[in-house]
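I opened this model to take notes for someone who has not seen it before. The entries are in the order in which I looked things up.

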Amino acid sequence: MSRGSLIYAIVFTNNSIFGETTSCKSEEVKLTSKKIIQNIDCQNNQLKAFSSKGFVYNVVVWGSVCYIAVATENFSRNLSFSFLESIRDEYNYKYKVQPSLRAEFISFLEGEMRFFSENPEADKIRGLQEKVDEVKAVMLENIDKVLQRGEKLEDIDRKAEELNKNTEVFVKKSKRLKCDLFKKNIYLTLLIGVCLLVILAIVGVVLYIHFK
């Protein structure tokens, strides 16, 4: 049985992407990861996991930085979170204070993702066995909470779609209202112009009669 693999990783901080790497061509995975970032509270440290369309989106928020590792469903969640812990520690140790080394960090990200995905000894080398029960308990608890609150990716997609539809309706109504106001302004301008002409005509007639 395949052990699965990590396929995408992203680190988001200060409202921008500090680093990302991928081994798949799916744009949907990237889009979904960015939707999660938009909808998650990056001010509170937390662990979360979302499942969608055969992939698991593992999330660590630490120190206002969001780390996401996307893996196939059959890939060990413990390995996913050990990978996230590794890049989190490296980022905080070296790259947080040296943002100019972003290119170097991306290379590190690529190497770590390849190591955790391809090396069958990764869990032993990283000493994961000491953390398995702890990580599993935390993640199961967080998954339950997420499901109870209805925080599913499908819900995020649905809300985004509803927001887009509402935006389109608002834009259409705004254009229609602007058009109606423009027509009314033209009508009022013409009406005022006609009234002025009538008044001038009456004044002209009165003056003509008076001085005749």
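**Ground rules**

I am working with a predicted model, in which local features need pLDDT of at least 70, side-chain atom pairs count only at pLDDT 80 or more, and totals for chains, interfaces and linings use all residues. Residues are numbered from 1 along each chain as its sequence is written, and side-chain values use heavy atoms, with hydrogens and water left out.

**Overall fold**

I counted helices and strands first, taking them as DSSP runs numbered from the N terminus (helices H or I, at least four residues; strands E, at least two). The chain has six helices and five strands. Along the sequence their order is β-β-α-β-β-β-α-α-α-α-α.

I then looked up burial, where buried means under 20% relative accessible area, exposed over 50%, and partly exposed in between (1.4 Å probe, protein chains only). The chain has 212 residues, and 33% of them count as buried.

**Helix α3**

I picked α3, which runs over residues 102–118 and has 17 residues. From first C-alpha to last it reaches 24 Å, close to the 24 Å expected at 1.5 Å a residue. The expected span is 1.5 Å times one less than the number of residues.

Which residues of α3 are buried? I found Phe105, Ile106, Phe108, Leu109, Glu112, Met113, Phe116 and Ser117. They lie on the same side of α3, because they cover an arc of only 160° around the axis. The arc is taken from the directions from the helix axis to the C-beta atoms. Ala103 and Glu118, on the other side of α3, are exposed.

Ile106 counts as buried because its relative accessibility is 19%.

**Nonpolar core**

I next looked for nonpolar cores, meaning sets of buried Ala, Val, Leu, Ile, Met, Phe, Trp, Tyr and Cys residues joined through side-chain atoms within 4.5 Å. The largest has 22 residues, and those with the most contacts inside it are Leu6, Tyr67, Phe83, Leu84, Ile87 and Phe105. Two or more residues each come from β1 (6–13), β5 (65–72), α2 (77–95) and α3. The largest share, seven residues, is that of α2.

**Salt bridges**

How many salt bridges are there? I counted four, with a side-chain nitrogen of Lys or Arg within 4 Å of a carboxyl oxygen of Asp or Glu as the rule.

One of them joins the side chains of Glu27 and Lys30, at 3.9 Å from N to O. Glu27 and Lys30 are about one helical turn apart, because they sit three residues from each other in helix α1 (residues 27–39). Glu27 is exposed, at 55% relative accessible area.

Another joins Glu28 and Lys53, with the closest N and O atoms 2.6 Å apart. Glu28 is in α1 and Lys53 in the loop between β3 and β4, so this pair ties together parts 25 residues apart in sequence. Glu28 is partly exposed, at 41%.

I also noted Glu104 with Lys94, at 2.5 Å between the closest N and O atoms. This pair links distant parts of the chain, Glu104 in α3 and Lys94 in α2, 10 residues apart. Both count as partly exposed, Glu104 at 34% and Lys94 at 25%.

**Two positive phi values**

Most residues other than glycine have a negative phi. Lys53 has a phi near 50°; its loop runs between β3 (46–52) and β4 (55–62). Lys53 is exposed, at 60%. Ser64 has a positive phi of about 65° and lies in the loop between β4 and β5. Ser64 is partly exposed, at 36%.

**Surface patch**

My last entry is a nonpolar surface patch of about 910 Å², made by Tyr187, Leu188, Leu191, Ile192, Leu196, Ile199, Val203, Leu207 and Phe211. Patches are made of residues with over 30% relative accessible area and no salt bridge; like charges are joined within 9 Å, and nonpolar side chains (Val, Leu, Ile, Met, Phe, Trp, Tyr) within 5 Å. Accessible areas come from the Shrake-Rupley method with a 1.4 Å probe, and for residues only the protein chains shown count as cover. Ile192 is in helix α6 (residues 153–211) and counts as exposed because its relative accessibility is 51%.
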